[in-house]
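Opening the notebook on a new model.

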Amino acid sequence: MDEFALIRRLNRPRSDRGAAPAASGVKMGIGDDAAVLRPSSGRELVVSCDTMVETVHFKPETMRSDDIGYKAMAAALSDLAAMGAEPRWALVALTVPPQSWTADELRELYDGLYACADRYGVAVVGGDTTSSPAGLTVTVTVIGEAADGRSLLRSAAEPGDAVFVTGPLGGSAAGLHALLARGERAGPIERLPEPLQPLVRAHRRPEPRFDAARLLAAAEPGVCGALNDVSDGLASEAREIAEASGVRIALDGASIPLADELSEYAASVGADPLEWALYGGEDFELVGTVRRDRAEELAAAFERAGRRIWFVGQVSAAAAEDGAAVTIVREPGGAEVPLAKNGYNHFA
Ligand SMILES: Nc1ncnc2c1ncn2[C@@H]1O[C@H](COP(=O)(O)OP(=O)(O)OP(=O)(O)O)[C@@H](O)[C@H]1O
Ligand SMILES: Cc1ncc(C[n+]2csc(CCOP(=O)(O)O)c2C)c(N)n1
Ligand SMILES: [Mg+2]
Ligand SMILES: [Mg+2]
Ligand SMILES: [Mg+2]
């Protein structure tokens, strides 16, 4: 495999680029020492990166090549949605063990990556390609824009706020569980038993929630408080909001929306679906807070747009030094207990 030939093969011919409206603002894209971009005036830049690592984030049993590319882009973009930003540009760093990946498989990975980039109007403007002694990694850096001063921060929750999520949780973890339990090389989703399909789709083809992010960003300044995306599980994301904002969050377990088919699948393998929603991660829904007296108005704005938010808890003033940052009532009438700090942790 030749590095330069591979880069040419993975990226689109120059004639394809520039056709998409996403290419606007690109003075120099792929092909020079660096990209040259023109941000819109009056907008602030919002920048983030995320890495996916073979065996840590994907295995042959869990993801096909195109899914890896799609999800790497989707997971990175999700952090822009979590800031209330509009996606614009991306850079892709690839490290490849040449013995275990063919150029065709890498091309499929890029087909998935570009499918996601096109779906969200993102122009890939550069990247980096190196060999790796073992394990493929994909790092996607994303750049978006928000109205000046309007990025939605983790630190903006206030006592009295309601906590909401933008969609059902736990599906991705259940899909992962099902794929690992099957243990065979991942095939097309349509060939799986029907009840597994939405769970596996949630794992392989997550969608960054720009639809919800746009509605939140469009609300009057101050209506939406903090915002995060659920990459590490609701428990972990709620804790990040609580700690960044210096508040306490009380979750109501019975109100947390569970993914379609999740309860049935969890029952079939003796698992607790709520645990997957709290600790599974990779759902990429948004979790946020809204001022209590504006919560119904926000829910109505979602309904008018044919969407929904689910209220899953309340924010209150931080407890004493040793008080729990996040608590939960698991069942109606149950006791309020501190929520354990589990969630996904790369070094735990
Ligand atoms: N190696 C690093 N060097 C500098 N900053 C980092 C590094 N790793 C993470 N960060 C920063 O730490 C903050 C929290 O990162 P974290 O990865 O936990 O958030 P996230 O991207 O929302 O989560 P996830 O990676 O699960 O999507 C971010 O501001 C991120 O840019
Ligand atoms: C084969 C395989 N095993 C386990 C997992 C689960 N997993 C890996 S990283 C992560 C958190 C988000 O990552 P990050 O914090 O790096 O953004 C989760 C839930 C998976 N996807 N594939
Ligand atoms: Mg991160
Ligand atoms: Mg992330
Ligand atoms: Mg995030």
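This is a predicted model: local features need pLDDT of at least 70, side-chain atom pairs count only at pLDDT 80 or more; totals for chains, interfaces and linings use all residues.

Is aspartate 128 buried or exposed, going by its C-beta neighbours inside 10 Å? I counted 12 neighbours, so aspartate 128 goes down as exposed. The cut-off matters here, because 12 or fewer still counts as exposed.

**Entry 1: the asp pair**

I looked up where aspartate 128 sits, and it is in strand β5, residues 123-131. UniProt, in an unreviewed entry, lists Asp128 together with Asp50 under "binding site". The two are spread over 79 residues of sequence but cluster in space, with a largest C-alpha distance of 14.4 Å.

Then I checked the partner. Aspartate 50 lies in strand β3. It has 20 C-beta neighbours inside 10 Å, so I have aspartate 50 down as buried. The cut-off matters again, because buried begins at 20. Leaving out residues up to four places away in sequence, aspartate 50 touches Ala75, Ala76, Asp79 and Val140.

**Entry 2: overall build**

I stepped back to the whole chain. I get 10 helices and 13 strands for the protein. The C-alpha atoms fill a box of roughly 65 × 50 × 40 Å along the principal axes. For 348 residues a compact globule would have a radius of gyration near 20 Å, and the protein's 21 Å agrees with that. Buried residues make up 45% of the 348. I also looked at contacts with a separation of 6 or more: 86% of them join residues 24 or more positions apart.

Across the boundary, 19 residues of domain 1 are in contact with 23 residues of domain 2. Which helix gives the most to the domain 1 side? That is α2 (residues 65-81), with nine residues. By class, the domain 1 side has 11 nonpolar, three polar and five charged residues.

With 6 C-beta neighbours inside 10 Å, serine 41 counts as exposed. Serine 41 and aspartate 148 are 107 residues apart in sequence, and their C-alpha atoms are 9.2 Å apart in space.

**Entry 3: the ligands**

Ligand 1 was a quick one. Its surroundings are Asp50, Asp79, Ser231 and Asp232. That shell has no nonpolar residues, one polar and three charged. Asp50 from Entry 1 turns up here, and Asp79 is one of the residues that aspartate 50 touches.

Around it I find Asp50, Val56, His57, Phe58, Lys59, Thr62, Leu176, Ser231, Asp232, Gly281, Glu282 and Tyr344. The split by class is four nonpolar, four polar and four charged.

I took two of them in turn. Glutamate 282 is in the loop between α9 (273-279) and β10 (286-290). With 22 C-beta neighbours inside 10 Å, glutamate 282 counts as buried. Skipping residues up to four places away in sequence, glutamate 282 touches Ser172, Ala173, His203, Pro206 and Ser231.

Tyrosine 344 is in the segment after β13 (336-338). How many C-beta neighbours does tyrosine 344 have inside 10 Å? I get 14, so tyrosine 344 counts as partly exposed. With residues up to four places away in sequence left out, tyrosine 344 touches Asp232, Gly233 and Gly281.

Conventions: Residues are numbered from 1 along each chain as its sequence is written. Chains are lettered from A and ligands numbered from 1 in the order in which they are written. Helices (H or I, at least four residues) and strands (E, at least two) are DSSP runs, numbered from the N terminus. Two residues are in contact if their C-beta atoms, placed from the backbone, lie within 7 Å. Ala, Val, Leu, Ile, Met, Phe, Trp, Tyr, Cys and Pro count as nonpolar, Asp, Glu, Lys and Arg as charged, and the others, Gly among them, as polar. The radius of gyration is taken over C-alpha atoms; the globule rule is 2.2 Å times the number of residues to the power 0.38. A residue is near a molecule or strand if its C-beta atom, placed from the backbone, lies within 6 Å of it. UniProt positions are given in the numbering used here, feature names are shortened, and annotations may be inferred rather than shown by experiment.
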